[in-house]
Amino acid sequence: MNALYRALRLGFVAADAVVPKSWLPGLEPDVLIAASGSNPGPDAREALRRLMASIMTESDLSVFGRVSLHWDVLRLLRNAQTVEAAHRVSPALAKAPVSQPLFILGLPRSGTTFLHELMAQDSESLVPRNWQTIYPAPRPANFNPLNDKRVQAVDRQLRIFAGLAPGFSDLHPITADSPQECTEIMAHVFQSLRFDATHRVPSYFAWLEAHGYLQAFRFHKQFLQFLQNGAPGRWVLKCPDHTFTLDAILQVYPDARFVIVHRNPIAVLASVARLTWVLRKPFLRKIDPAEIGAQVSERWIQGANLLLDFDRRADVAAERKIHIHYDELAGAPLAVIARIYARFGMPLRAEALAAMSRLIAAKPRGGYARHAPYSLENFKLSQAALQQRFVPYVRQYCRAGGA
């Protein structure tokens, strides 16, 4: 394997040309499970089998893609085993409440990451951190990420990935201690839309949509209970993909509350397609921009309609939801924060406001680099055709002057 990693240092494109297949790790589900020393339940096993079958038949993996997938699956299996073992040893974990978690959702590229990071500045907010999804453990009070070896290791991993995926840091600037999306938690039981972001997996995607996300969110709750042990607070969770998992969220968290962020879809779709292309580039040898464009546009037409449906649900009272618009969040973030806290009766302490103000000063525009708008045409998308399909959503949430 040392020769393999020396080849990878040449770059994943060069490695594809020089690395013999005999050097590459196997990706058979049973072999991976045995190598991990874990014992996943039947639901996770079936999900892993579906995922790996889809990747191996529908994704043209690069050498880096194959090696990283092997590492990733072993990590996820071992992490899930750690969490589940902690629950077996300490049954009190499962009894610990995850009360009124706050879910941030909405279209991607609409400011949800910035809002999540803002709310994470409040010491009474609990958020899953990037490093905690790689090395699961509670984040103690007065935690100093600069002195933690796990954080340092994940920051190194992020720098390596940024080098392999040029443009990633501009599109999604994160560090090891940044808040992480829930799809990374759900990936531990292989029922997560994050695999669709990095790989071409149409059959897995279809299976997952039919299978549903209930088991994934049951594990999600176990994971949060494990992380919150000894670290009281209220959970603030974020992922645009929650738009597609609301039924499962409400089954597992019947008292959940929701912040829905809106932005004109035409302003974001090219950026979403570009991010998908950037994320897949290190892992796949062939990428079709037109296929990505079609997939992203159809998915978020569906997502926009689901957000309209969510607003009409009788089982989620209006006082459990708040709608905000990207322009409001970008223009007056602290005013938006004040609205959210007031809506849900959460005290907004001076210390939290000061910490949020420091973040805004340190990361104008949420830390995103300025660049020319991405082109819909690069992904074979027609602005006129898309505008017609988003009319109901835009009419409801993107009127002039706000949400």
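Trainee: How many cavities of 30 Å³ or more does the structure hold?
Mentor: Three. A cavity is a set of points on a 1 Å grid over the protein atoms alone where a 1.4 Å probe fits but cannot get out, and lining residues have an atom within 4 Å of a point. Grid points are joined across faces, edges and corners, and a volume is the space filled by probe spheres set on them.
Mentor: Keep in mind that this is a predicted model, where local features need pLDDT of at least 70, side-chain atom pairs count only at pLDDT 80 or more, and totals for chains, interfaces and linings use all residues. Residues are numbered from 1 along each chain as its sequence is written, and side-chain values use heavy atoms, with hydrogens and water left out.
Trainee: What volume has the largest cavity?
Mentor: About 70 Å³. Its lining includes Thr 113, His 116, Glu 117 and Lys 238.
Trainee: Which helix gives the largest share of that lining?
Mentor: α7, with three residues. Helices are DSSP runs of H or I, at least four residues, and strands are runs of E, at least two, numbered from the N terminus.
Trainee: And the second largest cavity, what lines it?
Mentor: Cys 182, Met 186 and Asp 241 are among the lining residues. The volume there is about 40 Å³.
Trainee: Switching to strands. Which way do β4 and β5 run?
Mentor: Parallel, with five bridges joining β4 (residues 257-262) to β5. Val 259 stands opposite Ile 322 in β5.

Note on methods
Two strands pair if DSSP finds at least two bridges between them. On a 1 Å grid over the protein atoms alone, a cavity is a set of points where a 1.4 Å probe fits but cannot get out, and a pocket is an open set with protein on both sides within 12 Å along at least five of seven lines; lining residues have an atom within 4 Å of a point.
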